[in-house]
Amino acid sequence: MLESIFKKYFVENTEIATIPFGNGHINDTYLVDIVGKKEKYILQKINTNVFPDPDGIVLTHRRLQELIFEGERPYSIARIYPNLNGEYLTRDEAGRCWRMTAYIDGSFSIDTVKTEWQAFETGAAFGWFAKTCSVFNPADFREAIKNFHNLSFRLGQLYQAIADDSAKRLHSIPEVIAFYAERENRMKQIQDLVDQGKIPTRIVHNDTKINNLLFVGNKAKVIIDLDTVGPGILYYDYGDALRTSACTTKEDEQDLTKVDFNMVAFEQFSKAYLQQLSNILTKEEKDNFHLAPILLTYIMGIRFLADYLNGDTYYKTKYPDHNLVRSMVQMQLIRAIERRENEMIQIIQSILSNSHCN
Ligand code: ADP
Ligand code: GN1
Ligand code: MG
């Protein structure tokens, strides 16, 4: 399969070594090494069940690089390369879609934050990305996945999965279903603000899981996984980044007693993220950041749960209960966040009042 793709990117007789790469849940990622040379690339098969408009994704990537590659910048994105025909999206004979980007040599991604500076760097990088993208007009972009962070839509998917019970798993998890159902109404605040037009739509990343950021040494350097970049609100990025960077464990930790919300990481991340954006935030935006980490954790929790009930059709899994474990980690994290809500409000207020926001 890969040989036919290589022919589209490299001249004949190029000797290539590949290995599957990274911990992404969606695309198939390979590290491509040109034998005898220093060149390395990341080749990805785009999951078109998840992303129905791969041309749109590539177009967004090229727009981002036009903006980001002009001038000096503290962070970057991975350059997308054309095939030998000059196309940025490559279709193979079976109609599968591929794209190739620069491999960021010497880089690594992390699944959990181990030290304060990692949380600070993550906040600075994702905050910088949102600030940089604030010059775009959201109306010029297509949504890669419709209703991606829309709570009512995600709850609808969960209730459909419960009704179908297609993998016959519902009977074993009544307490997990009850946990999410009990919190449904409390989660609606951000959606209500969005529906009332109080929170500005911007171009945001929409998938700021910590392993979608590459570090080099002790600096965050490159923001990756740009497939979902498009219209959204800042809370989505802030909340999803904290879901992973302030969680004390990996997203699929089996020992739930280890799962907690790390307030030091929360503070470091928030300081760096909000300082990057302080000059563009509106009054309403500033007032409600504290609602985001719990909402995004809740949304991911019900998405993992729905996928578990559907028989694991969306996320990559390594064992039968993998999605259930992921959903239960989100549950535990929600409990931990609930205990810290007041403290979070105070920290955010203190950061915003010290960063000379208008
Ligand atoms: P997915 O959509 O499946 O999450 P990603 O684009 O996030 O795919 O890639 C999966 C993983 O591969 C990342 O978490 C990262 O570890 C690694 N990776 C992706 N792109 C690059 C790159 N350009 N350079 C180095 N590593 C990369
Ligand atoms: C997926 O692509 P990846 O693995 O970085 C998912 C995110 C979830 C995340 C949970 C397009 O992110 O929304 O938060 O898994 N991306 C898509 O780990 O669904
Ligand atoms: Mg990813």
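This is a short walk through the ligand sites and a few residues of the structure above. Keep in mind that the model is predicted.

Let me start with the metal. Ligand 3 is a magnesium ion, and its protein donors are Asn 212, through OD1, and Asp 225, through OD. They lie 2.1 to 2.2 Å from the ion. Where do Asn 212 and Asp 225 lie in the fold? Asn 212 is in the loop between strand S8, residues 202–204, and strand S9, residues 213–216. Asp 225 is in the loop between strand S10, 219–223, and strand S11, 230–232. The pair therefore ties together parts that are 13 residues apart in sequence.

Asp 225 is at 27% relative accessibility and counts as partly exposed.

Asp 225 takes us to ligand 2. A polar side-chain atom of Asp 225 lies 2.9 Å from an oxygen atom of ligand 2. An N or O atom in the side chain of Tyr 314 is 2.5 Å from an oxygen atom of ligand 2. How much of ligand 2 does the protein cover? On its own, ligand 2 has 440 Å² of accessible area, and the protein covers 98% of that.

Ligand 2 sits in the largest pocket. Two elements give two or more residues each to the shell: helix H7, 234–245, and helix H10, 292–309. The largest share comes from H10, with three residues. In total, 19 residues surround ligand 2. The closest are His 25, Lys 209, Glu 251, Arg 303 and Tyr 314.

Next, ligand 1. For Ile 104, a polar backbone atom is 3.1 Å from a nitrogen atom of ligand 1. The protein covers 95% of the 550 Å² of accessible area that ligand 1 has on its own.

Now two stops at single residues. The first stop is Arg 202, in strand S8. Its relative accessible area is 12%, so Arg 202 is buried. What does the side chain of Arg 202 contact? A polar contact of 2.8 Å joins that side chain to the side chain of Glu 285. A polar atom of the Arg 202 side chain also lies 3.0 Å from the backbone oxygen of Ile 280.

The other stop is Ile 26. This residue is in the loop between strand S1, 16–20, and strand S2, 28–34. At 19% relative accessibility, Ile 26 counts as buried, because the cut-off is under 20%. How far is Ile 26 from Cys 247? They are 221 residues apart in sequence, and their C-alpha atoms are 21 Å apart in space.

That is the tour.

Key. Residues are numbered from 1 along each chain as its sequence is written. Chains are lettered from A and ligands numbered from 1 in the order in which they are written. This is a predicted model: local features need pLDDT of at least 70, side-chain atom pairs count only at pLDDT 80 or more; totals for chains, interfaces and linings use all residues. Side-chain values use heavy atoms; hydrogens and water are left out. Donors are N, O and S atoms within 2.8 Å of the metal (3.2 Å for Na, K and Ca); water is not among the atoms, so sites may look incomplete. Helices (H or I, at least four residues) and strands (E, at least two) are DSSP runs, numbered from the N terminus. Buried means under 20% relative accessible area, exposed over 50%, partly exposed in between (1.4 Å probe, protein chains only). A polar contact is a pair of N or O atoms within 3.5 Å; within protein, one must be able to donate a hydrogen and the other to accept it, and residues adjacent in sequence count only if both atoms are side-chain atoms. Accessible areas come from the Shrake-Rupley method with a 1.4 Å probe; for residues, only the protein chains shown count as cover. A residue is near a molecule or strand if one of its heavy atoms lies within 4 Å of it. On a 1 Å grid over the protein atoms alone, a cavity is a set of points where a 1.4 Å probe fits but cannot get out, and a pocket is an open set with protein on both sides within 12 Å along at least five of seven lines; lining residues have an atom within 4 Å of a point. A molecule sits in a cavity or pocket if more than half of its atoms lie within 2 Å of its grid points.
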